[in-house]
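Here is a short tour to read with the model open beside you. Take it one heading at a time and find each part as you go.

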Amino acid sequence: MIYWKLFLAFFVPNIVGYGGGPAIIPLIEAEVVGRYGWMNAREFAETLALGNALPSPIATKMAGYVGYDVAGVGGALVAVLATVAPSLLLMLGALGLLQRHSDSPRVKRMSQWVRPVITVMMAWLTWSFFSEGLTSAGLLHTLLIGTGAAVALLRFRTHPAIVILAALVYGGIFLG
Amino acid sequence: MTPHDKATLSALFWTFTRVGLFGFGGGPSMIPLVQQEVVKRHAWLSDEQFADILAIANTLPGPIATKMPGYIGYRVAGASGCVLAVVAVILPMIVAMIALLTVFSRYRDVGWIQGMGQAVVPVVMVMMAQLTLDFWHKSRLALGWIASLAMALAAGVLIYAAGLHPGLIIGALLLAALLRPARRHKGATP
């Protein structure tokens with residue numbers, strides 16, 4: 001049942017992922033690349049790159065594309081619904097309850113305690129992109145592009161879309 | 001449907017289409033844009049209401065940039081408003097993703113296209129490193145660096161060495177955070 005698998009692959013990350021869309025990325029990677037093997041690390045990195053270059057929420061863009069890639073339009077629909085619906089329904093259904101408890105230390109603690117786990121998964125994903133870069137682009141290009149991107153993003157606050165575009169041009173010319 | 005409803009729905013649709021098209025950098029960075037449209041431009045919510053709803057949305061998991069439009073859409077125009085607002089935020093760029101990546105995979109074997117794919121990997125590596133630092137920083141501020149590091153290391157070992165599903169670990173932490181008495185909290189893994 002591919003639809004059921006797709007549903008689970010996106011439902012689980014989104015129901016445990018605190019910290020907005022970006023926090024969900026490493027959890028989705030664990031399902032899509034690690035568990036179900038629908039994509040390899042390289043394809044996932046490419047999808048994420050394009051996702052980062054386009055506007056609108058990242059979690060739904062990833063869900064839409066992976067769902068489509070795995071099972072067509074129906075797959076995209078299932079993956080996006082699994083991403084959006086659960087937390088939205090919770091919010092609509094339990095707003096009153098949540099309103100009373102949103103200042104409660106227990107509720108605050110929930111997102112705080114999850115953060116270190118997300119952090120380590122993000123670190124792991126960074127590492128896996130690094131080793132993917134080594135095998136596909138090679139050490140020299142990985143360091144060159146990585147340093148260039150870091151300087152542009154952190155030092156000059158260049159728009160991510162422009163950095164991705166610059167990397168695409170670089171790759172088309174020097175790695176082709 | 002009265003003309004008034006229709007006008008509201010179309011306002012919702014265009015508002016959140018704009019948010020979707022101009023919101024770069026993932027959900028959390030889109031929130032100021034949502035606030036600008038919803039509070040300042042349309043006055044659907046007051047500043048305090050918006051802040052309240054945002055605080056509540058943050059206590060729930062899942063992407064923030066769909067919870068807010070969905071809830072605001074529901075509040076302004078009921079269930080159809082909810083669906084419309086969410087679709088307006090996410091649909092255009094999902095279609096763009098699918099179109100661009102489908103073309104890309106079709107010509108994957110062409111040398112220079114392959115080169116383009118290889119060159120973006122180090123960039124997402126840097127972006128992911130940036131997110132890692134950002135989450136580490138927030139975690140350190142909330143829990144202190146010793147507890148954060150201990151939890152991160154423990155989670156890393158459980159997930160990557162023991163092969164436990166990350167959802168299981170996060171689920172256990174959420175449950176512990178909710179059930180443990182609220183007096184004073186230690187940061188160690190339960």
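Predicted model: local features only at pLDDT ≥ 70, side-chain atom pairs only at ≥ 80, totals over all residues.

## Helix 3 of chain A

The buried residues are F44(A), A45(A), E46(A), T47(A), L48(A), A49(A), L50(A), G51(A), N52(A) and A53(A). Their cover comes from both chains: it includes helix 2, helix 4, helix 6 and helix 8 of chain A, along with helix 4 (64-106) and helix 5 (111-143) of chain B.

## Chain A as a whole

Stepping back, chain A has eight helices and zero strands, and its pattern along the sequence reads α-α-α-α-α-α-α-α. The C-alpha trace of chain A spans about 55 × 40 × 25 Å along its principal axes.

Of the 176 residues in chain A, 57% are buried. If you take the contacts in chain A between residues at least 6 apart in sequence, 56% of them join residues at least 24 apart.

## Where helix 2 meets helix 6

Two packed helices are described by the angle between their axes and the distance between the axes. In chain A, the axes of helix 2 and helix 6 come within 9 Å and cross at roughly 65 degrees. The crossing of helix 2 and helix 6 of chain A is left-handed.

Which residues make this contact? Helix 2 of chain A brings A23(A), P26(A), L27(A) and E29(A), while helix 6 of chain A brings I118(A), M121(A), M122(A) and L125(A). Sorted by class, the contact of helix 2 with helix 6 of chain A has seven nonpolar, no polar and one charged residues.

## The contact between the chains

Now look at where the two chains touch. Chain A puts 93 residues into the contact and chain B puts in 81 residues. On the chain A side, helix 1 (2-16), helix 2 (21-35), helix 3 (41-53), helix 4 (58-93), helix 5 (95-101), helix 6 (105-136), helix 7 (139-155) and helix 8 (160-175) each supply at least two residues.

Which helix of chain A gives the most to the side that touches chain B? That is helix 6 of chain A, with 26 residues. By class, the side of chain A that touches chain B divides into 59 nonpolar, 27 polar and seven charged residues.

## Two loop residues with positive phi

S56(A) sits in the loop between helix 3 and helix 4 of chain A. Its phi is near 75 degrees, a positive value in a residue other than glycine. S56(A) counts as buried because 31 other C-beta atoms lie within 10 Å.

In chain B, A43(B) belongs to the loop between helix 2 (31-41) and helix 3 (47-58). A43(B) is not a glycine, yet it has a positive phi of about 55 degrees. With 8 C-beta neighbours inside 10 Å, A43(B) counts as exposed.

Finish at F174(A), which is found in helix 8 of chain A. F174(A) has 15 C-beta neighbours inside 10 Å, so this residue counts as partly exposed. The C-alpha atoms of F174(A) and H141(A) are separated by 9.0 Å, with the two residues 33 residues apart along the chain.

How values were computed: Residues numbered from 1 in each chain as written. Chains lettered and ligands numbered in written order. Contact = placed C-beta atoms within 7 Å. Helix = DSSP H or I, 4+ residues; strand = E, 2+ residues; numbered from the N terminus. Nonpolar A, V, L, I, M, F, W, Y, C, P; charged D, E, K, R; others polar. Axes fitted to C-alpha atoms, helices over the stretch in contact; angles between N-to-C directions. Left-handed = near helix turned anticlockwise from the far one by under 90°. Buried ≥ 20, exposed ≤ 12 C-beta atoms within 10 Å, placed from the backbone.
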